[in-house]
Amino acid sequence: MQKSNYEVFMVLGAIWLIVGLIVYKNASLWPIGAIFFIVGLVGFIVKTKKSDQKNDNDSDQ
């Protein structure tokens with residue numbers, strides 16, 4: 001199973017968030033990780049809803 005770009009954004013964002021908050025305690029690092037994570041999460045949700053709608057339309061025919 002191939003990972004989508006959104007899942008990669010979520011993983012990188014989560015890692016960046018954890019490293020920025022816990023490891024380095026750098027206030028300039030963690031917001032970038034939060035942004036990556038949110039973008040990945042929103043994209044993943046939108047992609048999932050689109051595929052669900054497509055599957056519903058295919059099953060109706």
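Colleague: Which residues does Trp 16 touch, not counting residues up to four places away in sequence?
Modeller: Trp 16 touches Leu 29, Ile 32, Gly 33 and Phe 36. This is a predicted model, so every value here is computed from it.

Colleague: What makes these count as contacts?
Modeller: Contact means heavy atoms within 4.5 Å. Trp 16 meets that with Leu 29, Ile 32, Gly 33 and Phe 36.

Colleague: Where is Trp 16 found?
Modeller: Trp 16 is in helix α1. The C-alpha atoms of Trp 16 and Pro 31 are separated by 8.9 Å. Along the chain, Trp 16 and Pro 31 are 15 residues apart.

Colleague: Why is Trp 16 called partly exposed?
Modeller: Its relative accessibility is 32%. Buried means under 20%, exposed over 50%, and partly exposed is in between. The value for Trp 16 is 32%, so Trp 16 counts as partly exposed.

Colleague: How many helices and strands does the chain have?
Modeller: There are two helices and zero strands. Helix α1 covers residues 5–23. Helix α2 covers residues 30–60.

Colleague: How many aromatic pairs does the structure hold?
Modeller: Two. In one of them, Phe 9 and Phe 36 sit 5.6 Å apart, centre to centre, with 65° between the planes.

Colleague: Why is the pair of Phe 9 and Phe 36 called edge-to-face?
Modeller: Rings pair if their centres lie within 6.5 Å, and planes over 60 degrees apart count as edge-to-face. The values are 5.6 Å and 65°, so Phe 9 and Phe 36 form an edge-to-face pair.

Colleague: What does the pair of Phe 9 and Phe 36 tie together?
Modeller: Phe 9 lies in helix α1 and Phe 36 in helix α2, so the pair ties together parts that are 27 residues apart in sequence. Phe 9 is partly exposed at 34% relative accessible area. Phe 36 is also partly exposed, at 27%.

Colleague: Is Glu 7 buried or exposed, and how do you know?
Modeller: Glu 7 has a relative accessible area of 17%. Buried means under 20%, so Glu 7 is buried. Glu 7 has its place in helix α1. Glu 7 and Phe 37 are 9.0 Å apart, C-alpha to C-alpha, and 30 residues apart in sequence.

Colleague: Is Val 23 buried or exposed, and how do you know?
Modeller: The relative accessible area of Val 23 is 54%. Exposed means over 50%, so Val 23 is exposed. Val 23 is found in helix α1.

Colleague: Which residues make the nonpolar surface patch?
Modeller: Ile 18, Leu 21, Ile 22, Val 23, Tyr 24 and Trp 30 make this patch of about 640 Å². Helix α1 gives the most, with four residues.

Colleague: What share of the 61 residues counts as buried?
Modeller: The share is 15%.

Conventions:
Residues numbered from 1 in each chain as written. Predicted model: local features only at pLDDT ≥ 70, side-chain atom pairs only at ≥ 80, totals over all residues. Heavy atoms only, no water. Patch = residues over 30% accessible without salt bridge, like charges linked within 9 Å, V, L, I, M, F, W, Y side chains within 5 Å. Areas by Shrake-Rupley, 256 points an atom, 1.4 Å probe, with all protein chains shown as cover. Salt bridge = Lys/Arg side-chain N within 4 Å of Asp/Glu carboxyl O. Buried < 20%, exposed > 50% of the residue type's maximum accessible area, 1.4 Å probe, protein only. Phe/Tyr/Trp six-rings, centres within 6.5 Å; stacked < 30°, edge-to-face > 60°.
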